[in-house]
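Have a look at the model, try each task yourself, and then follow the solution step by step.

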Amino acid sequence: LRHGTLMLDPAARSVSHDGQPVELSAREFAVLHALLLNAGRVLSKAQLEEKLYGWGEEIESNAVEVFIHHLRRKLSPELIRTVRGVGYMIPKVAG
């Protein structure tokens, strides 16, 4: 998956930004992958939690916010948009 200078390879579980490799935890990778697959669409916190946790796993109340914060810090603060009261999105790249 390509989004501007961001590349995500699901098979290799690798991410690079501006040509530089970026180390992500498994759950950060899962959040980024879900957002990139749905670029241009808002995903709710509940939808992202579904992607992160299996049945019966305890979900921390602010886990999604923490992963979003880490992704913004590691990649770019402007990459992931918060849609107040709805969820998170990565805007589609023009072109």
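**Exercise 1: Two packed helices**

Helix α1 (residues 26-37) packs with helix α2 (residues 45-52) at an angle of about 125°, and their axes lie 9 Å apart. Work out how this packing is classed, and which residues make it.

*Solution.* Before starting, note that this is a predicted model: local features need pLDDT of at least 70, side-chain atom pairs count only at pLDDT 80 or more, and totals for chains, interfaces and linings use all residues. Residues are numbered from 1 along each chain as its sequence is written, and side-chain values use heavy atoms, with hydrogens and water left out.

Step 1. Angles under 35 degrees count as roughly parallel, over 145 as roughly antiparallel, 65 to 115 as roughly perpendicular and the rest as oblique. With an angle of about 125°, α1 is therefore oblique to α2.

Step 2. Now list the contacts (heavy atoms within 4.5 Å). From α1, Arg27, Ala30, Val31, Ala34 and Leu35 meet Leu48, Lys51 and Leu52 of α2.

Step 3. Sort these residues, counting Ala, Val, Leu, Ile, Met, Phe, Trp, Tyr, Cys and Pro as nonpolar, Asp, Glu, Lys and Arg as charged, and the others, Gly among them, as polar. The contact of α1 with α2 has six nonpolar, no polar and two charged residues.

**Exercise 2: Salt bridges**

*Solution.* Step 1. Use the rule: a side-chain nitrogen of Lys or Arg within 4 Å of a carboxyl oxygen of Asp or Glu. By this rule there are two salt bridges.

**Exercise 3: Buried or exposed?**

Is glutamate 28 buried or exposed?

*Solution.* Step 1. Buried means under 20% relative accessible area, exposed over 50%, and partly exposed in between (1.4 Å probe, protein chains only).

Step 1. Glutamate 28 has a relative accessible area of 4%, so this residue is buried.

Step 2. Leaving aside neighbours within four places in sequence, histidine 17 is in contact with Thr5, Leu6, Val22, Leu75 and Ser76.

Key
Axes are lines fitted to C-alpha atoms, for helices over the stretch in contact, and angles run from 0 to 180 degrees between N-to-C directions. Helices (H or I, at least four residues) and strands (E, at least two) are DSSP runs, numbered from the N terminus.
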